[in-house]
Amino acid sequence: MSTADQPSLSHFDESGSSRMVDVSEKAVSKRMARAEAFVRMEPSTLKMIQDRSLSKGDVLEVARLAGIMATKQTQHLIPLCHSLGLDAVKIDFTPCGPDQIRIEVQCTNHGRTGVEMEAMTGASVAALTIYDMCKAVDRWMSIGPIQLLEKTGGKSGHVVRASMAHEPKAEGINILK
């Protein structure tokens with residue numbers, strides 16, 4: 001791909017100065033983004049989380065609330081993000097094997113710009129909350145990857161991460177590589 005074919009970094013103007021992208025002329029559309037994060041831990045830690053036997057309380061419910069709160073604070077954490085009103089946030093936790101939890105965050109809104117950063121911020125903070133609540137019993141937990149899975153709305157339409165595209169490519173869906 002030549003330099004002329006590559007998309008430009010929209011958060012910089014022609015002189016290289018930082019800027020908040022002007023979305024005032026974009027059409028409002030329904031937007032959705034899904035992101036995931038993983039927390040790897042000792043199997044005994046995962047069992048304690050599942051049994052709700054940690055002294056700090058229900059780890060996953062606290063992490064869910066922290067993740068939801070974080071999605072609503074993204075504009076304060078990521079300098080050039082727009083202030084967005086979210087219509088819905090959903091956070092799910094799935095054990096993956098004996099030593100890992102998968103966190104999935106889905107954000108939706110009707111707006112002029114997407115909610116990818118909100119979904120990824122929610123997943124990140126939920127993962128950090130799990131770490132914080134469990135570090136007394138498992139200091140060596142690890143977090144990652146944190147990644148966008150899917151987005152809809154706007155000029156790029158429906159985009160799905162290649163590893164999530166289990167079915168043949170449907171018309172109008174772009175695959176992220």
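Trainee: How many salt bridges does the structure hold?
Mentor: Side chains of opposite charge can pair when their charged atoms come close. A salt bridge here is a side-chain nitrogen of Lys or Arg within 4 Å of a carboxyl oxygen of Asp or Glu. By that rule, the number of salt bridges is 11.

Trainee: What should I know about the model and its numbering?
Mentor: This is a predicted model, where local features need pLDDT of at least 70, side-chain atom pairs count only at pLDDT 80 or more, and totals for chains, interfaces and linings use all residues. Side-chain values use heavy atoms, leaving out hydrogens and water, and residues are numbered from 1 along each chain as its sequence is written.

Trainee: Is arginine 34 buried or exposed?
Mentor: Buried means under 20% relative accessible area, exposed over 50%, and partly exposed in between (1.4 Å probe, protein chains only). Arginine 34 has a relative accessible area of 13%, so this residue is buried.

Trainee: Which strand holds glutamate 150?
Mentor: Glutamate 150 also meets arginine 34 in a salt bridge, at 2.7 Å from N to O. Arginine 34 lies in β1, and the pair ties together parts 116 residues apart in sequence. The strand with glutamate 150 (residues 142–152) is β4.

Trainee: Is lysine 135 buried or partly exposed?
Mentor: Lysine 135 meets aspartate 132 in a salt bridge, at 2.4 Å from N to O. Aspartate 132 has a relative accessible area of 37%. Lysine 135 has 26%, so it counts as partly exposed.

Trainee: What is the handedness of the crossing of α2 and α4?
Mentor: Helix α2 (residues 59–71) and helix α4 (residues 116–134) pack at about 145 degrees, their axes 7 Å apart. Axes are lines fitted to C-alpha atoms, for helices over the stretch in contact (heavy atoms within 4.5 Å), and angles run from 0 to 180 degrees between N-to-C directions. A crossing is left-handed if the near helix is turned anticlockwise from the far one by less than a right angle, and right-handed if clockwise. This crossing is right-handed.

Methods:
Helices (H or I, at least four residues) and strands (E, at least two) are DSSP runs, numbered from the N terminus.
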